[in-house]
Amino acid sequence: MRLSGSTLLGVPLSLSQDAESDALLDRDPLALLIGMLLDQQIPMEHAFWSPAELARRLGRDSLDAREIADYDPEAFIAIFATPRALHRYPKSMGGRVQTLCQAIVDSFDGDVTLIWRDVTDGTELFARLLGLPGFGKQKAQIFTALLGKQRGITPSGWREAAGGYGEDGVFKSVADVVDGATLGKVREYKQAAKSAAKAGAAKS
């Protein structure tokens with residue numbers, strides 16, 4: 001299986017819809033993981049733009065889990081809150097990023113690729129992701145799908161572990177976004193799912 005730094009069929013990531021920010025996601029798996037963590041309550045493009053902007057504000061060309069984990073919490077939140085804020089909720093999400101990075105330091109020696117490098121199957125990959133701070137079932141499934149579909153990280157059973165997000169030919173999540181057109185299809189799917197949920201709630 002291909003690991004960090006490789007792109008699916010030579011196609012670079014296009015999650016932030018910004019070439020420079022996507023270039024960091026391509027080469028830095030920690031940036032990609034942090035983008036996935038931030039992808040809630042803000043547009044997907046903003047979430048995946050933020051890691052590159054964080055790196056710029058830190059004066060780095062990549063992100064380091066140890067540096068982030070050891071950063072003064074108040075100063076780190078200030079970095080998150082500086083306009084344009086890296087998230088709608090800079091205090092809570094800045095704290096979550098530091099907590100995530102501390103877990104990577106504690107459990108994976110600061111190397112995010114160790115999360116998936118030696119997994120035996122998709123179930124183990126999903127379980128490791130689910131064990132990360134800030135990663136619930138849905139987020140862990142989506143990131144499992146993203147790794148498989150766009151990073152070439154495909155241990156046996158990864159599609160099953162990713163649930164519906166691992167299906168081929170669907171447009172359900174960030175795992176299926178490869179350009180502006182597919183981003184639009186994912187948005188349409190999410191809007192339809194939201195409308196269906198509201199309709200079901202109204203009937204009950």
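This is a predicted model: local features need pLDDT of at least 70, side-chain atom pairs count only at pLDDT 80 or more; totals for chains, interfaces and linings use all residues.
Residues are numbered from 1 along each chain as its sequence is written, and side-chain values use heavy atoms, with hydrogens and water left out.

Let me start with the chain as a whole. Its secondary structure consists of ten helices and zero strands, where helices (H or I, at least four residues) and strands (E, at least two) are DSSP runs numbered from the N terminus. The radius of gyration of the chain is 17 Å, close to the 17 Å that the globule rule gives for 204 residues, so the chain is as compact as a globular protein of that length; that radius is taken over C-alpha atoms, and the rule is 2.2 Å times the number of residues to the power 0.38. Along the principal axes, the C-alpha atoms fill a box of roughly 50 × 40 × 35 Å.

Turning to burial, 48% of the 204 residues count as buried, a term that here stands for under 20% relative accessible area, with exposed meaning over 50% and partly exposed lying in between (1.4 Å probe, protein chains only). The chain exposes about 9500 Å², of which carbon and sulfur atoms supply 53%; accessible areas come from the Shrake-Rupley method with a 1.4 Å probe, and for residues only the protein chains shown count as cover. Among the contacts in the chain with a separation of 6 or more, 58% come from residues 24 or more positions apart, a contact being heavy atoms within 4.5 Å.

As for charge, the mean positions of the 24 positive and 26 negative charges are 8 Å apart. In that count Lys and Arg are positive and Asp and Glu negative, while His and the chain ends are not counted, and each charge is placed at NZ of Lys, CZ of Arg, CG of Asp or CD of Glu.

Now to helix α8, residues 137-150. At 1.5 Å a residue, its 14 residues should span 20 Å, and its end C-alpha atoms are 20 Å apart, which agrees; the expected span is 1.5 Å times one less than the number of residues. Twelve of the 14 residues of α8 are buried, so this helix is largely enclosed by the rest of the structure. Those buried residues include F143, L146 and L147, and also K139 and K149. What covers them includes α2 (29-38), α7 (122-130) and α9 (158-161). Just after α8, G152 takes a positive phi of about 70°.

G166 lies in the loop between α9 and α10, and at 0% relative accessibility it counts as buried.

Which residues, then, surround I68 once its neighbours within four places in sequence are left aside? They are I34, L54, L58, L63, F76, V97, Q98 and C101. I68 itself is found in helix α4 (residues 65-70), and it counts as buried at 1% relative accessibility. I68 and Q102 are 34 residues apart in sequence and 8.0 Å apart in space, C-alpha to C-alpha.

In helix α10 (residues 180-203) we find T182, which counts as buried at 9% relative accessibility.

I will finish with backbone geometry. Most residues other than glycine have a negative phi, and most peptide bonds are trans. Against that background, Q17, in the segment before α1 (19-27), has a positive phi of about 65° although it is not a glycine, and it is partly exposed, with a relative accessible area of 36%. Q41, which lies in the loop between α2 and α3 (44-58), also has a positive phi of about 65° without being a glycine, and it is exposed, with a relative accessible area of 51%. Finally, the peptide bond from P83 to R84 is cis, with omega near -10°, and R84 has its place in the loop between α5 (73-81) and α6 (90-108).
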